[in-house]
Amino acid sequence: MKKISVVIPAHNEEGNIFLIHQRIKDVFSKLENYHFEIIFVNDGSRDQTQAKIEELAKQFEEVKFIEFSRNFGHQPAVKAGIDSSNANAVISMDADLQHPPELIPELIEKWEEGFDIVYTIRTYPKEISAFKRRTSSLYYKFLSKISDVNLREGGGSDFRLMDSSVVDVVRNMNEADIFLRGLSNWMGFRQTGIRFTAGERASGESSYNLQKMMRFAFTGITAFSVKPLYLAAYLGFIFSAIAVLGYGIYVIHSFVSQTEISGWASLIMTVVFFGGLQLIILGIIGIYLGKIFKQVKERPNYIIRSKNF
Ligand code: UDP
Ligand code: MG
């Protein structure tokens, strides 16, 4: 019998815990040759999530949990589940049932064919706001362009199966800002993907607001690319060239016409413009510096308050 861990990060998901357990149980009851465990990672929920998980764990021995000491974020939660699994494969999925458990047999089938990572490609249904669909697809295109990882459009889903050999690699990564979506592509191995349509959340609200999404986007870009740093150098060259050209034109003009070009307004605008530009570049450098700062402190990605295995 092969063992499979299903890792489920949960942040304020009290209404979904029983539901997702039932759905996963149903799926595995139809699969022979596999036994499963569910590792719920309670990521600092403020509702009854922990109580529901513990209630479930009392009834079913396949239910395991890790409780964080506070909210550390979705990616660290997935990492925690992966870290403590000893199964032959790990499947990570969201608690809100936007990742259909019914896709699990297909993931396992691909794994048995010899793939080490089976990722999923999410296609959004019509009901999801056009804004989210558009920004998500634009973001992954941009991220693939600017960094060395190739994230297929909509490939940014944390619903994936990883073989234990991959799990070992992830466990040994100690990046401060872990970004599994990029990492799983970066690691290589034999990979394949399956398409699925993301449903609506079963209950509760999304924990991602615009600010969290922006932070997530920045983390993704800066974790996989130093290209934004080159931007400073490129812009420096371009504007120096323009300045030299402009100065030449000015000198020639004042010789030919014997008058000086006046205009303090344009001067101020130029100063302000370059002030802004320098701040942006400084900010970009700062983000990377912050990452180095975080990394050298070597703080853990998460802190566990309690665990039942
Ligand atoms: N999640 C988490 N910690 C957080 C935010 C989210 O563990 O700080 C979990 C959440 O419980 C869910 C998954 O990550 O299982 C995806 O979150 P959500 O559904 O809020 O994101 P969306 O589907 O809207 O992108
Ligand atoms: Mg969701």
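Guide: What follows is an account of the sheet and its surroundings.

The model is predicted. The protein chain holds 10 helices and eight strands. The eight strands form an open sheet with mixed pairing, in the order S7-S5-S6-S4-S1-S2-S3-S8. Strand S7 (191-197) and strand S8 (304-307) are at the edges with a single partner strand each, so each has one side without a neighbour in the sheet. From one strand to the next, the twist averages 20°. One of the pairings joins strand S5 (residues 117-123) to strand S6 (residues 160-163), antiparallel and over three bridges; here Ile117 has Met162 of S6 as its bridge partner.

Helix H6 (residues 164-171) lies across strand S4 (89-92), S5 and S6, at about 90° to S6. Helix H2 (residues 49-59) lies across strand S1 (2-10), strand S2 (34-42) and strand S3 (63-68), and runs at about 155° to S3.

As to the core, the largest nonpolar one has 45 residues, and Val6, Val7, Ile8, Ile39, Phe40, Val41 and Ile91 have the most contacts inside it. Beyond its neighbours within four places in sequence, Val6 is in contact with Ile24, Phe36, Ile38, Ile39, Ile91 and Met93.

The C-alpha trace of the protein chain spans about 90 × 40 × 40 Å along its principal axes.

Technical notes: Residues are numbered from 1 along each chain as its sequence is written. Chains are lettered from A and ligands numbered from 1 in the order in which they are written. This is a predicted model: local features need pLDDT of at least 70, side-chain atom pairs count only at pLDDT 80 or more; totals for chains, interfaces and linings use all residues. A nonpolar core is a set of buried Ala, Val, Leu, Ile, Met, Phe, Trp, Tyr and Cys residues joined through C-beta atoms within 7 Å. A residue is buried if 20 or more other C-beta atoms lie within 10 Å of its own, exposed if 12 or fewer, and partly exposed in between; C-beta atoms are placed from the backbone. Two residues are in contact if their C-beta atoms, placed from the backbone, lie within 7 Å. Helices (H or I, at least four residues) and strands (E, at least two) are DSSP runs, numbered from the N terminus. Two strands pair if DSSP finds at least two bridges between them. Axes are lines fitted to C-alpha atoms, for helices over the stretch in contact, and angles run from 0 to 180 degrees between N-to-C directions.
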